[in-house]
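This report describes one protein model for a reader who is new to structures. Please keep the sequence and the 3D view at hand while reading.

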Amino acid sequence: MARNLQRAGELAFAKMEKINSEVLTLTYGSIVAQLVKDYEDVEEVNKQLEMMGYNMGIRLVDEFLAKSHVGSCQSFRDSAEVIAKVGLRMFLGVSATVSQWSQDGNEFSLVMEENPLHEFVDIPEHLRGLYYCNILCGVIRGALEMLNMRVDAQYVRCKLRGDAHSEIRVKLIEILEDQYPEDDE
């Protein structure tokens, strides 16, 4: 399955409209800089980035499903692999590795060796608590929620903080049931 997902990720990436990575990086950097200026509190900036990502994720999932042609995931484990090999590839041009599954299978890590949003970025000492790419945690949370999985996604390692790689920990909180309005008749 992993080989098919890598191929699906490459095909999905090839179909996407491209934007110059430097324009993306600089635009995102401007957004983060403005949030830092507006909120002046690193934790609040982290929250705002996560919420922005969440709002993007609930919309991106439709585009993902329409353009990736990846079949329905049968488990949380399948969903993790699709995010790592197809979703990140499709929208960011990078892949991740899924690792460190919890014993109960409800928690995993997405490990990214590269991230185009990190280009040209140095975090000043007074902003060391900033998770610069926290928007990705929100995208993951929003997209999975639209697929009936409530998750928590948190950065645990970040290259911009001096770690060897970036790692996002994703924990399944609950499987949501479809809710339909009651028939008034």
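## Basis of the description

This is a predicted model, in which local features need pLDDT of at least 70, side-chain atom pairs count only at pLDDT 80 or more, and totals for chains, interfaces and linings use all residues. Residues are numbered from 1 along each chain as its sequence is written, and side-chain values use heavy atoms, with hydrogens and water left out.

## Overall make-up

The protein has five helices and four strands. Here helices (H or I, at least four residues) and strands (E, at least two) are DSSP runs, numbered from the N terminus. Along the sequence their order is α-α-α-α-β-β-α-β-β.

Of the 185 residues in the protein, 44% are buried. Buried means under 20% relative accessible area, exposed means over 50%, and partly exposed is in between (1.4 Å probe, protein chains only). The protein exposes about 10800 Å², and carbon and sulfur atoms supply 49% of this area. Accessible areas come from the Shrake-Rupley method with a 1.4 Å probe; for residues, only the protein chains shown count as cover.

Contact means heavy atoms within 4.5 Å. Among the contacts with a separation of 6 or more, 63% are between residues 24 or more positions apart.

Helix 2 covers residues 21–39, which is 19 residues. From its first C-alpha to its last it reaches 27 Å, close to the 27 Å expected at 1.5 Å a residue. The expected span is 1.5 Å times one less than the number of residues.

Which residues of helix 2 are buried? They include Thr-25, Tyr-28, Val-32 and Leu-35. These four lie on the same side of helix 2, because they cover an arc of only 90° around the axis. The arc is that of the directions from the helix axis to the C-beta atoms. Helix 3 (42–68) and helix 5 are among the parts that cover the buried residues of helix 2. On the other side of helix 2, Leu-26 and Lys-37 are exposed.

Ser-21 also lies in helix 2. With a relative accessibility of 35%, Ser-21 counts as partly exposed. Between Ser-21 and Leu-92 there are 9.1 Å in space, C-alpha to C-alpha, although the two are 71 residues apart in sequence. After helix 2 comes Glu-40, whose phi is positive, near 55°.

Glu-50 is found in helix 3. Its relative accessible area is 14%, so Glu-50 is buried. With neighbours within four places in sequence left aside, Glu-50 is in contact with Asn-134, Cys-137, Gly-138 and Arg-141.

## Salt bridges

A salt bridge is a side-chain nitrogen of Lys or Arg within 4 Å of a carboxyl oxygen of Asp or Glu. By this rule there are seven salt bridges. One of them joins Glu-63 and Lys-67, with the closest N and O atoms 3.1 Å apart. These two residues are four residues apart in helix 3, so about one helical turn separates them. Glu-63 is partly exposed at 26% relative accessible area, and Lys-67 is partly exposed at 32%.

Lys-85 and Glu-81 also form a salt bridge (3.8 Å, N to O). Both lie in helix 4 (residues 76–92), four residues or about one turn apart. Lys-85 is buried, with a relative accessible area of 13%, whereas Glu-81 is partly exposed at 22%.

What is the distance between the closest N and O atoms of Arg-150 and Glu-174? In this salt bridge they are 2.4 Å apart. Arg-150 lies in strand 3 (residues 149–157) and Glu-174 in strand 4 (residues 166–175), so the pair ties together parts that are 24 residues apart in sequence. Arg-150 is partly exposed, with 30% relative accessible area, and Glu-174 is partly exposed at 34%.

## A nonpolar surface patch

Leu-65, Met-146 and Leu-147 make a nonpolar surface patch of about 270 Å². Patches are made of residues with over 30% relative accessible area and no salt bridge; like charges are joined within 9 Å, and nonpolar side chains (Val, Leu, Ile, Met, Phe, Trp, Tyr) within 5 Å. Met-146 is placed in helix 5 (residues 135–146). Met-146 has 46% relative accessibility and therefore counts as partly exposed.
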